[in-house]
Amino acid sequence: MNLIRTINLGSPVTSLAYTGRRIGYNIYGSFTYFIRFVVGTQTGEIRVYDYDYNLRRTMTHGSRVNCILGPLSWDNNFISASNDDRIRVWHMDQTNHLRDLNHASDVNDIDYEGNNLISGGPSMNLLWWQNTGSTNYASPQTMTNTGDTIRSIQIFNKTSKIQFKKNRH
């Protein structure tokens, strides 16, 4: 694998998401992708870069960004999690967030599938948020107390029931 480009952000990168979206066929008969990178930083900034690595937009959390997921099933939205006790839903082309979800403690990681969003952090609880339409989420349900700080979450077997893997760092 070859390094294509280095971008100096001036702040340590803490999370990264890649979004590729098909926009149509090119002259060679294959799909052309519109690519964006979403970067979370230690200082709480979220930066959206376009396919030419140009900074398109900067958004902010109140603290270090720990996780970014996207794109979501609806167009151009992504989710971020931070040490400011919040999960935020964003649109790629807007500076202000669309929804604030209060986790009540730092959020180390999130994962989603369909209408389900799972979050966890130092509180040792997994919270299950259910999307009730567009960017609306019902109040979270506490699923379990893991007995340890949650560092990462992944939903397995995404086609049927939700299962969890707990990673210790």
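A residue is called buried when its relative accessible area is under 20%, exposed when over 50%, and partly exposed in between, as found with a 1.4 Å probe and protein chains only. By this scale aspartate 100, at 31% relative accessibility, is partly exposed. The model is predicted, so that local features need pLDDT of at least 70 and side-chain atom pairs count only at pLDDT 80 or more, while totals for chains, interfaces and linings use all residues. Residues are numbered from 1 along each chain as its sequence is written, and side-chain values use heavy atoms, with hydrogens and water left out.

**Figure 1. The protein chain as a whole.** The protein chain contains 0 helices and 15 strands. These elements are DSSP runs numbered from the N terminus, with at least four residues for helices (H or I) and at least two for strands (E). Of the 169 residues in the protein chain, 37% are buried. A contact is defined as heavy atoms within 4.5 Å. Among contacts with a separation of 6 or more, 36% join residues 24 or more positions apart. The accessible surface is about 9600 Å², and carbon and sulfur atoms hold 46% of this area. Such areas come from the Shrake-Rupley method with a 1.4 Å probe, and for residues only the protein chains shown count as cover.

**Figure 2. Aspartate 93 and its two arginine partners.** A salt bridge is a side-chain nitrogen of Lys or Arg within 4 Å of a carboxyl oxygen of Asp or Glu. By this rule the model has 5 salt bridges. One of them joins aspartate 93 to arginine 56, with the closest N and O atoms 3.2 Å apart. Aspartate 93 lies in the loop between strand 7 (86-91) and strand 8 (99-102), whereas arginine 56 belongs to strand 4 (residues 55-60), so the pair ties together parts that are 37 residues apart in sequence. Aspartate 93 also meets arginine 57 in a salt bridge, at 3.8 Å from N to O. Arginine 57 lies in strand 4, so this pair ties the strand to the loop across 36 residues of sequence. Aspartate 93 is partly exposed, with a relative accessible area of 33%, and arginine 56 is partly exposed at 33%. Arginine 57, with a value of 18%, is buried.

**Figure 3. The salt bridge between aspartate 100 and arginine 88.** The closest N and O atoms of aspartate 100 and arginine 88 are 2.9 Å apart. Arginine 88 is buried, its relative accessible area being 10%.

Figure 4. The strands follow the order 5-6-7-8 and pair in the antiparallel sense. Strand 5 (65-69) and strand 8 stand at the edges with a single partner strand each, so one side of each is left without a neighbour in the sheet. On average, neighbouring strands of this sheet are turned by 20° against each other, direction ignored. Two strands are taken to pair if DSSP finds at least two bridges between them. Strand 5 and strand 6 (residues 77-82) are joined by 4 bridges. Cysteine 67 stands opposite alanine 81, which is in strand 6.

**Figure 5. Two loop residues with a positive phi.** Most residues other than glycine have a negative phi. Aspartate 85 is not a glycine, yet has a positive phi of about 70°. Aspartate 85 lies in the loop between strand 6 and strand 7 and is partly exposed, with a relative accessible area of 27%. Alanine 104, also not a glycine, has a positive phi of about 75°. Alanine 104 is found in the loop between strand 8 and strand 9 (109-113) and is exposed, with a relative accessible area of 64%.

**Figure 6. Two nonpolar cores.** A nonpolar core is a set of buried Ala, Val, Leu, Ile, Met, Phe, Trp, Tyr and Cys residues joined through side-chain atoms within 4.5 Å. The largest core has 13 residues, of which Ile79, Ile87, Leu101, Ile110, Leu117, Trp129 and Tyr137 touch the most other members. Strand 5, strand 6, strand 7 and strand 11 (125-133) each give two or more residues to this core. A second, separate core has 9 residues, including Ile46, Val48, Met59 and Ile68.

Technical notes:
Axes are lines fitted to C-alpha atoms, for helices over the stretch in contact, and angles run from 0 to 180 degrees between N-to-C directions.
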